[in-house]
Amino acid sequence: MKNLVSLVNKYAAAISMIILLIIWQGAGYFNLLPKYIIPTPIEIAKAFIKNYQLLIFHSKVTLIEAIIGLFLGIIIAWILALIMDSILILNKSIYPILVLTQTIPTIAIAPILVLWLGYGLAPKIVLIVLTTTFPIVISILDGFRNCDKDMLTLLKLMNASKLQILWHVKIPNSLSYFYAGLRVSVSYAFIAAVVAEWLGGFEGLGVYMIKAKKLFEYDTMFAIIILVSIISLLSIELVKLSEKKFIKWKYIGENHEKNNN
């Protein structure tokens, strides 16, 4: 009985997902849900198989946009965090601007970026950078603020420079906070890329979704939505793997507990 309970607990998410898919498929089969509103899982799966090559092609375009934008967002976030931590007046000046960028809906700013920068890669990258930078900056700054005060005092008594304090205490301490922000930003990157593609572009999952909508191919639209979700989830898992590799000390206790079990 205990083994059964532990097995259910371990695979609770997978079991609940399977139950949801069965209910969804049953509702479609008995015409409880009109297929022109919500296609059944089997119809969506058929759309995946039918449009496999197009989905892969457009996925590559969206993936490239998201990776470039996220990479630039990470670099900008670290630069801003280091500047804001070092100079208090710039912290007070830059922080409201960062907050302001998050109050503007992506769907509102995307067409303006398209008008300014055209239909190429540039507006997508800019929108992704604007969307992903804020969570990372705030997370890094939280890491800087939550450093061990005794360690900072000790280093100051030892006449350590600001650069030495930053390298040996602040950056290592902020890494776990950085990864927390990065997990949020990874999902934002793909959403921003698709939104930008809706409003201007020639390739990408957002463009393909608009084409499917115009042709009333709702099964293809749902296939694209699910594909974007899968890519986002896989990206978050990659971030977790990267975190476990680069900040191993955070998971020492967890790994020790797993080995004992």
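This is a predicted model: local features need pLDDT of at least 70, side-chain atom pairs count only at pLDDT 80 or more; totals for chains, interfaces and linings use all residues.
User: What makes the contact between Lys 170 and Asp 85 a salt bridge?

Analyst: The closest N and O atoms of Lys 170 and Asp 85 are 2.9 Å apart. A salt bridge requires a Lys or Arg side-chain nitrogen within 4 Å of a carboxyl oxygen of Asp or Glu, so the pair qualifies. By this rule the count comes to 4 salt bridges.

User: Why is Lys 170 called buried, and why is Asp 85 called partly exposed?

Analyst: Buried means under 20% relative accessible area, and partly exposed lies between that limit and 50%. Lys 170 has 17% relative accessibility and therefore counts as buried. Asp 85, at 26%, therefore counts as partly exposed.

User: How do you know that Asp 142 and Arg 145 are separated by about one helical turn?

Analyst: Both residues lie in helix α7 (residues 122-145), and they are 3 residues apart, which means a separation of about one helical turn. Asp 142 and Arg 145 also form a salt bridge, with the closest N and O atoms 3.2 Å apart. Asp 142 is partly exposed at 30% relative accessible area, and Arg 145 is partly exposed at 43%.

User: What makes Glu 237 and Lys 240 a salt bridge?

Analyst: Their closest N and O atoms are 3.6 Å apart; the cut-off is 4 Å, so the pair qualifies. Glu 237 and Lys 240 both lie in helix α11, about one turn of the helix apart.

User: Why are α10 and α11 called roughly antiparallel?

Analyst: Helix α10 (residues 205-214) and helix α11 (residues 218-246) pack at an angle of about 160°, with their axes 8 Å apart. Angles over 145 degrees count as roughly antiparallel, and α10 and α11 therefore receive that description. The crossing of α10 past α11 is left-handed.

User: Why does Ile 89 count as exposed?

Analyst: Exposed means over 50% relative accessible area; Ile 89 has 60% relative accessibility and therefore counts as exposed. Ile 89 is found in helix α5 and is one of the residues making a nonpolar surface patch of about 990 Å².

User: Which elements give two or more residues to the nonpolar patch?

Analyst: These elements are α4 (52-86) and α5 (88-103). The largest share of the patch, 8 residues, comes from α4.

Note on methods: Residues are numbered from 1 along each chain as its sequence is written. Side-chain values use heavy atoms; hydrogens and water are left out. Patches are made of residues with over 30% relative accessible area and no salt bridge: like charges are joined within 9 Å, nonpolar side chains (Val, Leu, Ile, Met, Phe, Trp, Tyr) within 5 Å. Accessible areas come from the Shrake-Rupley method with a 1.4 Å probe; for residues, only the protein chains shown count as cover. Helices (H or I, at least four residues) and strands (E, at least two) are DSSP runs, numbered from the N terminus. Buried means under 20% relative accessible area, exposed over 50%, partly exposed in between (1.4 Å probe, protein chains only). Axes are lines fitted to C-alpha atoms, for helices over the stretch in contact, and angles run from 0 to 180 degrees between N-to-C directions. Angles under 35 degrees count as roughly parallel, over 145 as roughly antiparallel, 65 to 115 as roughly perpendicular and the rest as oblique. A crossing is left-handed if the near helix is turned anticlockwise from the far one by less than a right angle, and right-handed if clockwise.
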